[in-house]
Amino acid sequence: FGTHNIDVLPALLRRAEHNRAAAVEIEESLKVFPSTLPTHRESAYAAWVSISVGCNNTCTFCIVPHLRGKERDRRPGDILAEVEAVASQGAIEVTLLGQNVNSYGVGFGERGAFADLLRAVGRVEGIERVRFTSPHPKDMDDKAIAVMAKYPNICKHIHLPAQSGNDRILKLMKRNYTREWYLERVAAIRRAMPDCAITSDIFCGFHDESEEDFQDTLSLMREVVYDNAFLFKYSERPGTYAAKYLIDNIPEDEKIRRLNEMIELQTQLSLESNLRDVGKTFEVLIEGFSKRSREQLFGRSQQNKVVVFDKQGYRVGQYVDVRIESATAATLIGKPVRPAEGYTPEAE
């Protein structure tokens with residue numbers, strides 16, 4: 001069942017228990033917006049707020065539109081009320097969620113509604129960081145970019161799924177943008193926010209992808225210089241357009257070879273990106289202890305980069321300014337600019 005059917009989960013469980021069988025439930029009518037249900041936040045300082053469910057895109061490789069239905073946008077007043085509520089409970093960071101988050105407004109016919117919502121959330125008292133995921137390149141408009149650039153508490157990180165760097169493959173995927181359009185959006189982001197991190201989803205081995213097509217994807221990665229990327233080899237999903245009409249005709253060993261090339265390239269690009277941050281100071285929101293030592297903490301910068309540092313009296317949920325001293329492809333490593341107030345080494 002799709003996310004828009006969460007409200008019927010108890011009935012589905014009872015039915016499955018009675019019938020002793022699994023079933024697929026797809027219901028178009030949305031009686032209760034899922035995020036109006038009671039929620040539990042694992043984090044005391046961070047909250048996730050749904051602004052829409054479903055998707056109006058028809059990407060040929062994706063099952064989401066078939067399972068989750070058409071996009072339905074939540075009313076702005078309800079979204080802001082939830083953001084204000086989590087802020088009153090101590091949340092200082094909020095992430096806006098949607099399958100195609102930046103197309104928000106299509107449900108009530110208002111262009112630019114996502115930018116207006118982003119601005120309004122950024123003004124909520126107590127919210128010190130605003131994030132969102134995941135946008136679609138075709139809906140990444142100048143108005144949203146301008147709002148991000150203007151408000152310092154809207155995090156300078158955009159996850160912009162490219163999927164492929166080749167126009168023919170993008171057309172087969174029904175992504176509804178070209179390589180040129182995508183690169184222009186990246187250029188617009190960097191003109192407005194030179195410090196904005198850009199990450200992506202990319203996969204190889206889709207139907208009929210030639211070696212030349214694949215090389216276009218590698219060249220896109222080099223041209224954008226992604227800070228990070230989620231990389232995959234194509235895996236056919238039953239029920240999708242591609243599964244029905246586009247033969248999965250790239251050999252598995254070839255998919256693996258291409259994926260390994262992508263991973264090798266992105267590891268290099270991520271390392272180059274992180275090394276450029278050495279010597280800089282970032283405000284980091286602390287999330288927990290480092291995996292390697294209880295004497296170190298980790299958190300994330302506005303650019304969503306993981307930063308590890310000596311704890312020096314700081315605690316989870318606090319902000320700390322960290323000067324970066326070294327880096328790996330995955331992590332920035334540094335020291336707090338100053339210890340926490342009242343900190344003494346003996347106290348630890």
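**View 1. Helices H5 and H7 pack against each other in this predicted model.** Helix H5 covers residues 142–150 and helix H7 covers residues 179–192; they pack at an angle of about 25°, with axes 9 Å apart. Axes here are lines fitted to C-alpha atoms, for helices over the stretch in contact, and angles run from 0 to 180 degrees between N-to-C directions. That angle makes H5 roughly parallel to H7 (angles under 35 degrees count as roughly parallel, over 145 as roughly antiparallel, 65 to 115 as roughly perpendicular and the rest as oblique). On the H5 side, look for Asp 142, Ile 145 and Ala 149, which meet Arg 185, Ala 188, Ile 189 and Ala 192 of H7; contact means heavy atoms within 4.5 Å. Helices (H or I, at least four residues) and strands (E, at least two) are DSSP runs, numbered from the N terminus.

As you look around, keep in mind that residues are numbered from 1 along each chain as its sequence is written. Local features need pLDDT of at least 70 and side-chain atom pairs count only at pLDDT 80 or more, while totals for chains, interfaces and linings use all residues; side-chain values use heavy atoms, with hydrogens and water left out.

**View 2. Strand E5 lies beside strand E4.** Five bridges join E4 (residues 93–97) to E5, and the two run parallel; strands pair if DSSP finds at least two bridges between them. Leu 96 stands opposite Phe 132 of E5. In E5 (residues 129–133), four of the five residues are buried, so the strand is largely enclosed by the rest of the structure. Buried means under 20% relative accessible area, exposed over 50%, and partly exposed in between (1.4 Å probe, protein chains only).

**View 3. Three strands form an open sheet in the order E6-E7-E8.** The pairing is parallel. Strand E6 (157–159) and strand E8 (228–233) stand at the edges with a single partner strand each, so one side of each is left without a neighbour in the sheet. From one strand to the next, the twist averages 10°. Three bridges join E6 to E7 (residues 197–204), and His 159 has Thr 199 in E7 as its bridge partner. Helix H10 packs on this sheet, touching E7 and E8, and its direction makes about 175° with that of E8.

**View 4. Glu 272 sits in helix H10.** H10 spans residues 252–275. With 33% relative accessibility, Glu 272 counts as partly exposed. Glu 272 and Arg 237 are 35 residues apart in sequence and 35 Å apart in space, C-alpha to C-alpha.
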